[in-house]
Amino acid sequence: MACDGAWEIVQSATLLEVDDQSLVTLAVVSQDTAAYGELIRRHQSRVRNFLRKLAADPVEADDLSQEAFLHAWDKLQTYSGRGSFIGWLLKVAYTTFLQSKRKSKRYSEVLNEVGYVAEQQSGRYTQDADEVSDLDKLLAVLTEEERAIMVMSYACGLSHREIGDATGLPVGTVKSIIFRGKKKIRTNFDIKDHKHG
Amino acid sequence: MTSKIINMVEKLKDAEDRLLESMFAAEPIADGGFSKRIVTHIRRRIWVRRLALPVAMLVGGLIAFKPAMQLVTVSSTLLGVVPREFLEIPASVLPQVESVTFGVPLIPMIVLSAMVIVAGILGTRLLNE
């Protein structure tokens, strides 16, 4: 048992030096869960942060992140190595988010049909004004698509091409959505006077 | 060349972009057992998948055992109706010195075994796919 623990430490120390692409190959070819675990450790923060900005609450976002990483494991052989691994992961995370939204929309439609009225639509946007952060106010003026693309660009640092790959949109459309989002933020907030950090 | 120009243009960020980046920036989230939880979940799923095929074959075999035995009994009864000369194999075909006549239940057993083997191979291939 102690030997297993020691072996795991040696293995994870070795995996730390391996790049993403090789870890993916290891995980796909030999079903190496330790290699995939290292990939999760490296990217979980960005994926969770991305989903926390899209989903209603952090707990839901973390559940979605877990689901996204499980989907990613199932689809790992489809990662071609073209573009960054985090870009591909965010694509899976975004698809997972959209699927869960569709499911919950269908669920609320069924509830509405049977006469149930939801007491609270969304956790984030019904909070008291004091509790809402600057970023939440900023995100609230954007549509869901704009929010996802702006977060990918400004929080996750993806290039326009990577965002295009992740969302399935042409690069030109991505650029115009970012432009539109910036314009909305500019008109709603005087961001030049904003003192942040 | 074109992609290099696109990348350069993307890197030329103005003050507004930098401000947005600082506003969107978030504290890194500590792993806190998150990755371990997912890896454990995946390992469990792999074991379930590995066990699914042998368990399915065992259950299938148990379910199919009784009807298969009944099939053998019925076949041997039906073959008793077939004239004996159709079932006899001449001794010249076989390597043995003495003339051998196969009993009635042996042929259906061979046919059934062959059918079970073929079904097994096809079933395994289908499950693997």
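**Salt bridges and the A–B interface**

A:Glu38 counts as buried, at 4% relative accessibility. The model is predicted. In it, the side chain of A:Glu38 meets that of A:Arg41 in a salt bridge. Chain A also touches chain B, with 36 residues of chain A in contact with 28 residues of chain B.

- The N-to-O distance between A:Glu38 and A:Arg41 is 3.4 Å.
- These two residues are 3 residues apart in helix H3 of chain A, so about one helical turn separates them.
- A:Arg41 is partly exposed, with a relative accessible area of 39%.
- A:Arg42 forms a salt bridge with A:Asp20, and their closest N and O atoms are 2.8 Å apart.
- That pair links distant parts of the chain: A:Asp20 lies in helix H2 (residues 20-29) and A:Arg42 in helix H3, 22 residues apart.
- A:Arg42 counts as partly exposed, at 27% relative accessibility.
- A network of salt bridges links A:Asp20, A:Glu38, A:Arg41 and A:Arg42.

**A link between helices H5 and H7 of chain A**

- A:Lys101 and A:Glu144 meet through their side chains in a salt bridge of 2.7 Å, N to O.
- Here too, distant parts of the chain are linked: A:Lys101 sits in helix H5 (residues 85-113), A:Glu144 in helix H7, 43 residues apart.
- A:Lys101 counts as partly exposed, at 39% relative accessibility.
- A:Glu144 also counts as partly exposed, at 26%.

**The interface of chain A and chain B**

- About 3,100 Å² is buried between the two chains, and carbon and sulfur atoms give 64% of that area.
- On the chain A side, A:Thr33, A:Leu70 and A:Tyr154 lose the most area to chain B, together 19% of what that side buries.
- A:Arg186 forms a salt bridge with B:Glu16, with the closest N and O atoms 2.6 Å apart.
- Elements giving two or more residues to the chain A side include helix H4 (58-75), helix H7 (144-155) and helix H9 (171-188).
- H3(A) supplies the largest share of that side, 12 residues.
- By class, the chain A side has 15 nonpolar, 12 polar and 9 charged residues.

**Chain B**

- Chain B has 5 helices and 0 strands.
- Of its 129 residues, 16% count as buried.
- Chain B exposes about 10,100 Å², and carbon and sulfur atoms supply 70% of it.

Terms used
Residues are numbered from 1 along each chain as its sequence is written. Chains are lettered from A and ligands numbered from 1 in the order in which they are written. This is a predicted model: local features need pLDDT of at least 70, side-chain atom pairs count only at pLDDT 80 or more; totals for chains, interfaces and linings use all residues. Side-chain values use heavy atoms; hydrogens and water are left out. Contact means heavy atoms within 4.5 Å. Buried area is the accessible area (1.4 Å probe) that two parts lose on being put together, summed over both. A salt bridge is a side-chain nitrogen of Lys or Arg within 4 Å of a carboxyl oxygen of Asp or Glu. Helices (H or I, at least four residues) and strands (E, at least two) are DSSP runs, numbered from the N terminus. Ala, Val, Leu, Ile, Met, Phe, Trp, Tyr, Cys and Pro count as nonpolar, Asp, Glu, Lys and Arg as charged, and the others, Gly among them, as polar. Buried means under 20% relative accessible area, exposed over 50%, partly exposed in between (1.4 Å probe, protein chains only). Accessible areas come from the Shrake-Rupley method with a 1.4 Å probe; for residues, only the protein chains shown count as cover.
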